[in-house]
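Here is a briefing on one protein structure, written for a reader who is meeting it for the first time. Please keep the sequence and the model in view while reading the points below.

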Amino acid sequence: LCRGGLAERLCRLQNRERSAISFWRHQCISEDKIPSDKSGVLIVKILEIFEECTIQVAICQQLEQSPAALSPEDAVINAEEPILKVLFTRETTAHLKSRPQDVIHIYPPWQKLLLQNADVPVIMNTYFSQKVLISEHPETREKTYGLTKMLIRKNIISLAQTFRLDLDDKLHQESSDNQVPCASQTHNNGDSRQRPLALSAANDSLLEMVESQGAVGWREVQVRVVIQRVYCLPAREGHRSYTQGNKPLCATPVANSDPPNVRLCLLVQDAYGMFSEVQLQSLSSTDDIEQYCRRWEGKYCCLAGMKILQRTTRGRALGLFSLIDSLWPPVVPVKVPGQSQDSEMMTTNLPPPSFCYILTVQSGEIHVEVDEEEQISNLYQPPAVHGLKEILRIDGCNQRCSFLAQVLYQRLQTKHSIPADQREMLLFVTDSTLQNVAPGIPKVVAVSVTASCVLSMEIIEALSAGSRPVFFKDALWGNGRIICVERTVLLLQKPLLCSAAGADLSELSGPVRLDELDSTAQANSVCALRGTVVGVNESTAFSWPTCNRCGNGKLELCPQDRELLYCNQCSEVVTTPVLKMQLEVFLSCPSRPQSTVKVKVWHERSVALFVLLTVVLFLQTYEVQSVLGKEVGLLNCYVHSVTSHPNCVVLEEIVLL
């Protein structure tokens, strides 16, 4: 809040008000008596109670005397006493636990509001209120509680009625049908039974539900929304839910340690364009995310039994709002609160949302019902698929993008100061739009996958094999980087509904080409390398034989034949060992004539250099001069570092997937 502004001053005033109310109630409870000062006290008897817009409205009869001075006959309703309409907030209602025939003392500073064309005054500012018990005379109790055999109803008032909009009779009829009875005890011949909750017709406004039902959640009503995105988030405190076909999901608590600890989430949008993130159950398998995306995205669903976890803003949730911004403006006109909802009054010229409610399920409640048989909503915006060349040309920062690409190489960022489960993974990808371009545009792009991006086991296996293209949905583009963050989904199949926007989505044909090493090479990239061997680092060069069956690198001489090698793990003689090596070779490259180029060769992955140096490394009877001056063809390399002082490039030979 701005220092000294109206909002800050109002916040301070509300805090002082809450403190004063809490102190007053604590004082009344600790002294266990009614405050002695009766000046200005309004004494009322409740005749009827209903709820409207989170406010409890009590139709009351004003009393001139305290109930302690009343006779049992006076406790019955007297028609000559004035009638008042008293408003109680949700907090005051929870404190009083009032019901019809209760007597309430309302202490100053209460206010009386006289409305035009209304005979009943309205009493407001009833924070300092206390319930008084009437003497328990049997006849009085029978007469008093005989009038309470009624339901406390909850009136849901639409925005159209609030602003007195001239709508058709159907809307007014729907509003009258939305009067929802709340659960209350009814007494009949000493028996007590609970009336079931009733679900009203689905509302289409998330904001109206939040304002009318409050932060504690709504149970009696439901809101109809469109599922724009389905994804998983790392679950900190989860709920596990179970689903069968089109049946609603029901939630039960789960422990944090239950792997995989991820939660299924929905990004939903209502008819007014407002977004909300709904956090559902913890998944038993992350492989389920693909089927949920295919079955639920674009469908209508009804939310009930929700509670608000958080009201977040753009400044506190940049990742969430970058996804919301990619879905804004809506593809079809949305409703505008306070205006007639005729088609000509609808508009898409609206500012993007500045806040979003994070909702979660209340344990044991029916919360989400997806109509999978219904057609895709017109409000749904499928991911817009672009070619990588087009993404590299996007201006701006923190923009979501979706693309189909072939993974060529993956590498885990090994920083010892970061735990293994929090390290980033680099994926080097390409597509036909990059392979078929002129110089100046890279042929391979690095995609950083953060630890917060949830990957299914199927995706992890596919990334290791590199045999299938991967669809990256809602990745983040900015500052020249593509990052997979929270709410990014990796799929093996392109969604059936996606907007290609003229992008070339054809698969790769022919061998993949990398950019050759040049002056623009940067660390943590891949390139192709050619040059001439000018030196070998003999101090770090070594090789060792391994078992061709199990890969054991600790072979021994065979006891029966000292000229053969023996593997203890296989208990077999190794006749054709696999040679592994570590070697650093210095090259002279025409593309970087002023730089020292050092290539690290690890194990058996060096195919080209292995052919060149097998004999000299295995027998270890060579002279360095025998390999100096040899030409090295195109090697696929990973760039470890690029320094200017000294001018040096350190690379490692790799094998593409």
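Strands, like helices, are DSSP runs numbered from the N terminus, and a strand has at least two residues. The model is predicted, and the points below are grouped by topic.

**The largest pocket**
- The largest pocket holds about 1,000 Å³ of space, and of the 36 residues that line this pocket, those closest to its centre are Val-444, Ala-446, Gln-522, Asn-524 and Ser-525.
- Strand E22 (425-430), strand E23 (445-449), strand E25 (481-484) and strand E27 (525-536) each give at least two residues to the lining of the largest pocket.
- Sorted by class, the lining of the largest pocket consists of 19 nonpolar, nine polar and eight charged residues.

**Salt bridges**
- The whole structure contains 10 salt bridges, and one of them pairs Asp-474 with Arg-229, whose closest N and O atoms are 2.9 Å apart.
- This pair links distant parts of the chain, since Asp-474 is in strand E24 and Arg-229 is in strand E12, 245 residues apart.
- Asp-474 counts as buried because its relative accessibility is 4%, under the 20% cut-off, and Arg-229 counts as buried at 3%.
- Asp-204 forms a salt bridge with Lys-335, with the closest N and O atoms 2.5 Å apart; here Asp-204 counts as partly exposed at 23% relative accessibility, and Lys-335 counts as partly exposed at 22%.

**A nonpolar surface patch**
- Ile-376, Leu-496 and Leu-497 make a nonpolar surface patch of about 310 Å².
- Ile-376 lies in the loop between strand E20 (366-370) and helix H9 (388-392), and is partly exposed, with a relative accessible area of 33%.

Note on methods. Residues are numbered from 1 along each chain as its sequence is written. This is a predicted model: local features need pLDDT of at least 70, side-chain atom pairs count only at pLDDT 80 or more; totals for chains, interfaces and linings use all residues. Side-chain values use heavy atoms; hydrogens and water are left out. Patches are made of residues with over 30% relative accessible area and no salt bridge: like charges are joined within 9 Å, nonpolar side chains (Val, Leu, Ile, Met, Phe, Trp, Tyr) within 5 Å. Accessible areas come from the Shrake-Rupley method with a 1.4 Å probe; for residues, only the protein chains shown count as cover. A salt bridge is a side-chain nitrogen of Lys or Arg within 4 Å of a carboxyl oxygen of Asp or Glu. Helices (H or I, at least four residues) and strands (E, at least two) are DSSP runs, numbered from the N terminus. Buried means under 20% relative accessible area, exposed over 50%, partly exposed in between (1.4 Å probe, protein chains only). On a 1 Å grid over the protein atoms alone, a cavity is a set of points where a 1.4 Å probe fits but cannot get out, and a pocket is an open set with protein on both sides within 12 Å along at least five of seven lines; lining residues have an atom within 4 Å of a point. Grid points are joined across faces, edges and corners, and a volume is the space filled by probe spheres set on the points. Ala, Val, Leu, Ile, Met, Phe, Trp, Tyr, Cys and Pro count as nonpolar, Asp, Glu, Lys and Arg as charged, and the others, Gly among them, as polar.
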